[in-house]
Amino acid sequence: MKKNWFITLLAALMVMAFPVAAFAAEEGPSTAELQAGLNSTFVFIAFMLVFFMQAGFALLEAGSTRMKNAGHVAGRTVLTLGVSAISFWALGFGLGFGNDNGNGFMGLTGFFLSGTDAAPSFDSLSGLDIPITIMFLFHFAFAAISLAIACGGMAERAKLSVYIIFGVLFSIIIYPIVAHWVWGGGWLTQMEMQDYAGSTVVHLTGATAALVATIMLKPRLGKYNKDGKPNIIPGHNQVYSILGVIILWFGWYGFNPGSAVSAMGDGFFGYVALTTTLAAASGAIAALLTSWAVFGKADIPSMLNGVLAALVAITGSCAFVAPWAAVVIGAVAGIITFFTAQWVEKKRIDDPIYAFSVHGVAGMWGAVSTGLFATPTLVEITGVGRPGLFYGGGFTQLGVQVLGVVGTFIFVVVVTAIILGAIKAAVGIRVTEEEETMGLDLSEHGTYGYPEHMKMINDSEKRM
C-alpha cells in the first residue's frame, strides 16, 4: 500500500516537473511583462470588488425600505447595472477619459470601445501598463456605483421607466463629464484637484443627483403630517441593511486600494487600505455614540450611515493623509452625517436611504479634508497637488478642493433638473398614489418580493 502511494506521488511530481524541464531552455517573460500582468490582475480583482458592492447596495436599500417594495428595489440594482454598462461603453467612457483636444470639459475620442486598438484615444490612461479593456471595466464599476447612489433618492415612488431613461443619460452626460474634469485631463485635473478614488467624482455626483430627484419626486405618502412633522418609515429588514454595509465595506477595498492601479513597488495600496479601515471604524463609533447621546439609545441605522459616510469621506483622501488624520476624517464624517440627516428630514426632503447626507455631505467633507490634512510626503508619492493647510501648504490646495466641490454640485444640480424635468413632462416620474400604496413590487412587476406577504394580503381580503 505504501509502495503504491509512493509511486503515485512520484508520478505526480514528474508530471508537475515536466513543463519546467521541457521549457527550461526557453526564455521566460521579461520583468516588464510580469509587472504588467500582475498590475492587470490587481486592477481586475479591484473591479470585481467594486462590482460586488452592487450586492451591498441591493441589500442595504431593500432592507431600508418597506417589504412591499423590496423586490423592486433590489431588482432595480441589476437593471441600472445593465443600463450603465451599455451606456458607459458606448459613449460615457470616451466622454470621461477620451482626449478632449484642449477643451478641458469632456473627452471627444474613444467611443464604442474596441479592444486594445482604442488605447491611443485615451491619453489620460496612457501611462499605465494595463489593457484599456480592464481600465474600462474598472471605471465602469465606479460609474455604476454613482448611478446606484443617484437612484437611491428615488426609492419607493419613482416609475421603473425613469431609472432606465435617467440611468442612460446619467451614464453618458453627468458622471463622465465630472470624471473627465477630475481624472480625465479636464480643468480640475490641470488644477491638480486631489480625489484619489472618488469622494467628489463618484459620491458627490451621485448624491447630488439623488437630492434633486427626491425633491422633484416629493415625499412618500405618509412621510409627513399636515403640520410638517416627519413620521418614521422603518425599513423592513435591519439585518439585510447590516449585511449590505458589511459587503460595501468589503468592496471598498477595491475602490480605494484598487485606485493605486499597481501592485508593484512598496505596496502603497496597503497604506491606502489602512487609512480606509481606520476611517470606517472611527465613523461607526462616532455615529453610534452621537445617536446614543441625542436619542438616548444606540441607533443601529445611524451607525451604519456613519460607516458609509466615513468610507465616502476617506475615498478622496485615503492616499494623501496620515493614519491619525484618517481617524479624524472618519469620525467627523460620522457625526456630520447624523446631524445633516436629521436636518434634511426636517426640511421635508424625503431621502429614504439618506443618500445626500451619507454620500453628498460626507463627499464634500472628504474633498475638503485633503486641503487640510494632505502631507508633503504623500503628495510627493502620489504626484498630485500640494500639501494641506495644516502642513504648511497654505490655502491653495484647499481652494482647489472647494472649487471642485462647488463646480461639481452646480453642474449636477442643473443637468439633473433638466433631465428629470424633461422626463416628467414627457412620461411622468412618479407612480400613482394607488400604485405607491399597493407597493412597487406588485404595481411594476406583478408580484411581491415576498410571495408569502402577497398571500397573506389576499387571504385577509377574502376574509373581509
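**Legends to the Close-up Views**

**View 1. Val261 is a buried loop residue with a positive phi.** Val261 counts as buried because its relative accessibility is 15%, where buried means under 20% relative accessible area, exposed means over 50%, and partly exposed lies in between (1.4 Å probe, protein chains only). Its place is in the loop between α8 and α9 (268-295); helices here are DSSP runs of H or I with at least four residues, strands are runs of E with at least two, and both are numbered from the N terminus. Although Val261 is not a glycine, its phi is positive, at about 45°.

The structure is a predicted model, in which local features need pLDDT of at least 70 and side-chain atom pairs count only at pLDDT 80 or more, while totals for chains, interfaces and linings use all residues. Residues are numbered from 1 along each chain as its sequence is written, and side-chain values use heavy atoms, with hydrogens and water left out.

View 2. Glu156 is found in the loop between α4 and α5.

**View 3. Asp350 and Arg220 form a salt bridge between two loops.** The closest N and O atoms of this pair are 2.8 Å apart. Asp350 lies in the loop between α11 (323-346) and α12, and Arg220 in the loop between α7 and α8 (238-255), so the pair ties together parts that are 130 residues apart in sequence. Both Asp350 and Arg220 are buried. Salt bridges that share partners join Arg66, Glu156, Arg220 and Asp350 into one network.

**View 4. Arg76 and Glu61 form a salt bridge between two helices.** Side chains of opposite charge can pair when their charged atoms come close. In the pair shown here, the closest N and O atoms of Arg76 and Glu61 are 2.2 Å apart. The two residues link distant parts of the chain: Arg76 is in helix α3 and Glu61 in helix α2 (residues 31-64), 15 residues apart. Arg76 counts as buried at 2% relative accessibility, and Glu61 is buried with a relative accessible area of 1%. A search of the whole structure finds six salt bridges.

**View 5. Helix α7 crosses helix α12.** Two packed helices are described by the angle between their axes and the distance between the axes. The axes of helix α7 (residues 199-217) and helix α12 (residues 355-373) come within 8 Å and cross at roughly 145°; each axis is a line fitted to C-alpha atoms over the stretch in contact, and angles run from 0 to 180 degrees between N-to-C directions. The crossing of α7 past α12 is left-handed, a term for a near helix turned anticlockwise from the far one by less than a right angle, clockwise being right-handed. Residues of α7 that meet α12 include Ser199, His203 and Leu211, while those of α12 that meet α7 include Phe356, His359 and Met364. Contact here means heavy atoms within 4.5 Å.

**View 6. Gly96 is a buried residue of helix α3.** Gly96 lies in helix α3 (residues 70-97). It is buried, with a relative accessible area of 0%. When residues up to four places away in sequence are not counted, Gly96 touches Pro176, Ala179, His180 and Gly184. Gly96 and His72 are 24 residues apart in sequence, and their C-alpha atoms are 30 Å apart in space.

**View 7. Ala32 is an exposed residue of helix α2.** Ala32 is placed in helix α2 and counts as exposed because its relative accessibility is 55%. Its C-alpha atom is separated by 8.8 Å from that of Asp129, 97 residues apart along the chain.

Conventions
Salt bridge = Lys/Arg side-chain N within 4 Å of Asp/Glu carboxyl O.
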